[in-house]
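Let us walk through this structure step by step. Start with the strands, then turn to a pair of helices.

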Amino acid sequence: MTDILCLGEPLVEFVRLENGTYKRGFGGDTSNAAIAAARQGASVGYLTKLGKDRFGDSIMALWAREGVDASLVTRASDAQTGIYFIDPDPEGRFFTYYRDGSAAARMTPNELPLDAIRSTKCFHLSGITLAVSEPLRQTAFTALHSAREAGATVSLDTNLRLKLWDIETARAQTHQAMALTDIAITSIEDSADLTGLTQPEQVADFYHELGARIILVTMGPEGCLLSENRVSTHVAPVPTIAVDSTGAGDSFAGAFLAWWLETDDPILAASRAARVAAGTVSGLGAVAPIPHRDAILAAE
């Protein structure tokens, strides 16, 4: 049994360097979250489908190095592993995706290891998991219901990507998933599009009404609003020099879940997750700069 089980699409990334060449790395929001959680000391597993290609092999090797259990990941000989390109910018993330028809996009509910989902402590997915394709969306909702029925904590990061779906569908499907969610993680930017609300306290109330117990609304340099059972706390930002914002929210989500499960203290967990996110934006790529547990504890 794992502490945290994540579902989604991992990707191989290519980050543009200042000299115009590209450096290969890894991404995919829930995979980034899984690695962030593992680097904080949590027991983490991952569910997806990868192509039987060199990119898929490299992702499996990454998880092996990071201590993420990928024993339940399936491989497809008739579909490729997704890739994407990043143009870094401290103020934003500019992505070019090549993921249509990928192996993960073809994953179906009958491929889910339901026993593993039912036995995990926390099941985590994202808006991107819901947006990639209709088959993966159906898979995600089947997994959500199974986790919920088994009493696992369900965590959802909104992670809105309007390149993947239209806003009306995004709102309807995200709200439906939130009704099955215990921990809602969102950004103030996502929330403005998904709820029409721009004040973090209003956003928290909105997601509490849908059913979530713990809400985290990240606000970049203004920190984070944490609301547990409608009691709000402002979590201060951690000063950093931003180089590349890719993966910051993902690492925050994974780190929060890891520290929350360990300490049962959401305020402490959010504070440590903020430090993880600050470390992530200080380097290039979604995975390489994510801080490890020792660095987070040493900074306190």
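Two strands count as paired if DSSP finds at least two bridges between them. Keep in mind that this model is predicted.

Begin at strand 12, residues 183–187. Look for its partner, strand 13, at residues 214–218. Five bridges join strand 12 to strand 13, and the two run parallel. Within this pairing, Ile185 stands opposite Leu216 of strand 13.

Strand 12 also pairs with strand 11, which spans residues 153–157. This pairing is parallel too, over three bridges. Here Leu156 faces Ala184 of strand 12. How does the chain cross from strand 11 to strand 12? It passes through helix 6, residues 167–178. This β-α-β crossover is right-handed.

Now check the side chains of strand 12. Ile183, Ile185 and Ser187 point one way. Ala184 and Thr186 point the other way. Are these residues buried or exposed? All are buried. Strand 12 is thus mostly covered, with five of its five residues buried.

Next, move to the helices. Helix 1 covers residues 29–39, and helix 9 covers residues 248–263. Their axes come within 7 Å and cross at roughly 45 degrees. Because of that angle, helix 1 is oblique to helix 9. The crossing of helix 1 past helix 9 is right-handed.

Which residues meet there? From helix 1 come Asp29, Asn32, Ala33, Ala36 and Ala37. They meet Asp250, Ser251, Gly254, Ala255 and Ala258 in helix 9.

Conventions. Residues are numbered from 1 along each chain as its sequence is written. This is a predicted model: local features need pLDDT of at least 70, side-chain atom pairs count only at pLDDT 80 or more; totals for chains, interfaces and linings use all residues. Side-chain values use heavy atoms; hydrogens and water are left out. Buried means under 20% relative accessible area, exposed over 50%, partly exposed in between (1.4 Å probe, protein chains only). Helices (H or I, at least four residues) and strands (E, at least two) are DSSP runs, numbered from the N terminus. A crossover is right-handed if, with the strands pointing away from the viewer, the path from the first strand over the helix to the second runs clockwise. Axes are lines fitted to C-alpha atoms, for helices over the stretch in contact, and angles run from 0 to 180 degrees between N-to-C directions. Angles under 35 degrees count as roughly parallel, over 145 as roughly antiparallel, 65 to 115 as roughly perpendicular and the rest as oblique. A crossing is left-handed if the near helix is turned anticlockwise from the far one by less than a right angle, and right-handed if clockwise. Contact means heavy atoms within 4.5 Å.
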